[in-house]
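These are my notebook entries on one predicted model. I set down what I looked up, entry by entry.

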Amino acid sequence: MANLRQVQKQMTRRLLLEAGLELFTAKGYAATKVDDIASAAGTTRVTFYAYFPSRSDLMKALIDERLNEVLQRVRSPEHGSTAQDLVATVADGTPGAITGWLRRTADTWPEIRPIIRVGRDAAAVDPDLRDLVERWLEEAIGDIEDGLARAGRFAPHQRRFRGVLAMAELDYVAQHWGDADWGLDREQMLDELSASWVRLLA
């Protein structure tokens, strides 16, 4: 019976996260109220607060849990979260490894793009969420820095900035791919992005 209760609690929490993301995407973070999320999840305001102390906490969970889950990021004492495959890819530094990682990451864009966009929308109006997405990007930059350090490539003062440039490119392309008219198909875009990452990191 205890196991069934636990499964039901996990399901309710997941429904609240999904409802929150859908409503934040459709209506915007500022226009979405706790009652809206609870109702969309088929539950009540009281139940919402049993899982999340505030709307801000639900947004944080979308970044900390959902985004990290999709990108296979795990808890890290150094960075908050880490993607060991990104660290290993950067340490490897070969065009094949970098291209492969970018292609796998591009497959997740439909799932991660709404979370990042909503996170930035939320950060603009909620002081508790300022720099939410940027802090998460800093963790990914730390992974690149770690990979370069593991490989012994570049001077220590160069590693972080190269990570900043690489993640800025990836974030911009991920957020605008499909909306922008760059005159490239998906394969050509990934080839160009991969070539840029190889120049920066290899």
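**Entry 1**

I began with Asp131, which I found in the loop between helix 7 and helix 8. Helices (H or I, at least four residues) and strands (E, at least two) are taken as DSSP runs, numbered from the N terminus. I noted a positive phi of about 65 degrees for Asp131, although it is not a glycine. At 47% relative accessibility, Asp131 counts as partly exposed. Here buried means under 20% relative accessible area, exposed over 50%, and partly exposed in between, with a 1.4 Å probe and protein chains only.

I recorded the basis of the entries at this point: the model is predicted, local features need pLDDT of at least 70, side-chain atom pairs count only at pLDDT 80 or more, and totals for chains, interfaces and linings use all residues. Residues are numbered from 1 along each chain as its sequence is written, and side-chain values use heavy atoms, with hydrogens and water left out.

**Entry 2. Ala123**

I next looked up Ala123, a residue of helix 7. Its relative accessibility is 13%, so Ala123 counts as buried. Leaving aside neighbours within four places in sequence, I listed Leu129, Arg130 and Asp131 as its contacts; contact means heavy atoms within 4.5 Å. I also checked Tyr29, which lies 94 residues from Ala123 along the chain, and the two C-alpha atoms are separated by 9.1 Å.

**Entry 3. Helix 9**

Does the length of helix 9 agree or disagree with its residue count? Helix 9 covers residues 156-176, and its 21 residues should span 30 Å at 1.5 Å a residue; I read 31 Å between its end C-alpha atoms, which agrees. The expected span is 1.5 Å times one less than the number of residues.

I listed the buried residues of helix 9 as Arg159, Gly163, Ala166, Met167, Leu170, Asp171, Val173, Ala174 and Gln175. An α-helix has 3.6 residues a turn, so residues three or four places apart point the same way. The cover over the buried residues of helix 9 includes helix 6 (95-106), helix 7 (109-125), helix 8 (132-151) and helix 10 (186-201).

I took Gln175 of helix 9 separately. At 4% relative accessibility, Gln175 counts as buried. Not counting residues up to four places away in sequence, Gln175 touches Arg113, Ile116, Arg117 and Arg120. Just after helix 9, I noted that Gly178 takes a positive phi of about 100 degrees.

**Entry 4. Helix 8 against helix 9**

I looked up Phe154 in the loop between these two helices. Its phi is near 70 degrees, a positive value in a residue other than glycine. At 24% relative accessibility, Phe154 counts as partly exposed.

How do the axes of helix 8 and helix 9 cross? They come within 8 Å and cross at roughly 130 degrees; axes are lines fitted to C-alpha atoms, for helices over the stretch in contact, and angles run from 0 to 180 degrees between N-to-C directions. Helix 8 and helix 9 are therefore oblique to each other. Angles under 35 degrees count as roughly parallel, over 145 as roughly antiparallel, 65 to 115 as roughly perpendicular and the rest as oblique.

From helix 8, the residues that meet helix 9 include Leu137, Ile141, Ile144 and Leu148. Their partners in helix 9 include Arg159, Gly163, Ala166 and Met167.

**Entry 5. The core and Trp197**

Which residues touch the most other members of the largest nonpolar core? I found Leu58, Met59, Trp109, Ile144 and Trp197, out of 55 residues. The largest share of this core, eight residues, comes from helix 8. A nonpolar core is a set of buried Ala, Val, Leu, Ile, Met, Phe, Trp, Tyr and Cys residues joined through side-chain atoms within 4.5 Å.

For Trp197, leaving aside neighbours within four places in sequence, I noted contacts including Ile98, Trp101, Leu102, Ile144, Ala166, Met167 and Leu170. Ile98, Trp101 and Leu102 are among the buried residues of helix 6, and the buried residues of helix 6 pack against helix 5 (84-92), helix 7, helix 9 and helix 10.

**Entry 6. The whole chain**

Of its 202 residues, 44% count as buried.
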